[in-house]
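Welcome! Let's walk through a protein model together, one question at a time.

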Amino acid sequence: MAAHVKLTAPRTIMQWIEDDSVVIVDVREENEWASAHIPGATLMPLSRFNPAAVPVDSSKRLVFHCQSGMRCGMAAAKMVEAGFDGEINRMEGGLMGWRMQGGKIATS
């Protein structure tokens with residue numbers, strides 16, 4: 001059974017964060033992460049993305065996000081190619097969409 005990849009709205013992901021039912025993986029690069037990121041997300045830049053290192057938790061939903069929504073699709077494809085058969089959520093609109101929906105942002 002292949003992984004099910006779907007686009008998910010930032011507001012839905014915000015609810016999952018409230019419920020502590022999500023693992024968010026940011027596939028942007030370090031410089032992008034330093035300027036703004038979602039609190040609690042894990043940084044795994046697409047440039048050296050390793051599907052085996054993704055922090056999968058079977059009790060939580062897996063969400064990938066990037067700046068605008070393109071790179072997270074590539075990360076999802078790499079997960080599927082590596083044999084991951086769970087659900088993968090791609091955050092619609094990336095971090096730009098997250099900001100437009102009023103999502104919390106952290107800097108480092």
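Helices (H or I, at least four residues) and strands (E, at least two) are DSSP runs, numbered from the N terminus. This is a predicted model, where local features need pLDDT of at least 70 and side-chain atom pairs count only at pLDDT 80 or more, while totals for chains, interfaces and linings use all residues. Residues are numbered from 1 along each chain as its sequence is written, and side-chain values use heavy atoms, with hydrogens and water left out.

Q: With which side chain does the side chain of T8 make a polar contact?
A: T8 is found in strand 1, residues 4-8. A polar contact is a pair of N or O atoms within 3.5 Å; within protein, one must be able to donate a hydrogen and the other to accept it, and residues adjacent in sequence count only if both atoms are side-chain atoms. At 2.7 Å, the partner of the T8 side chain is the side chain of N89.

Q: Does T8 count as buried or exposed?
A: Buried means under 20% relative accessible area, exposed over 50%, and partly exposed in between (1.4 Å probe, protein chains only). Because its relative accessibility is 4%, T8 counts as buried.
Leaving out residues up to four places away in sequence, T8 touches I13, W16, N89, R90, M91 and E92 (contact means heavy atoms within 4.5 Å). So the word for T8, at 4%, is buried.

Q: Is E32 buried or exposed?
A: E32 is found in helix 2, residues 30-35. Not counting residues up to four places away in sequence, E32 touches Q67 and R71. Its relative accessible area is 18%, so E32 is buried.

Q: What is the relative accessible area of V25?
A: V25 is found in strand 2. Beyond its neighbours within four places in sequence, V25 is in contact with T42, M44, V54, P55, L62, V63, F64 and H65. V25 is buried because its relative accessible area is 0%.

Q: How far apart are the C-alpha atoms of V23 and L62?
A: V23 is also placed in strand 2. Among the residues that V23 touches, not counting those up to four places away in sequence, are P55, K60 and L62. V23 and L62 are 39 residues apart along the chain, and their C-alpha atoms are separated by 5.0 Å.

Q: What is the phi of D20?
A: D20 lies in the loop between helix 1 and strand 2. At 53% relative accessibility, D20 counts as exposed. Most residues other than glycine have a negative phi. D20 is not a glycine, yet its phi is positive, at about 55 degrees.
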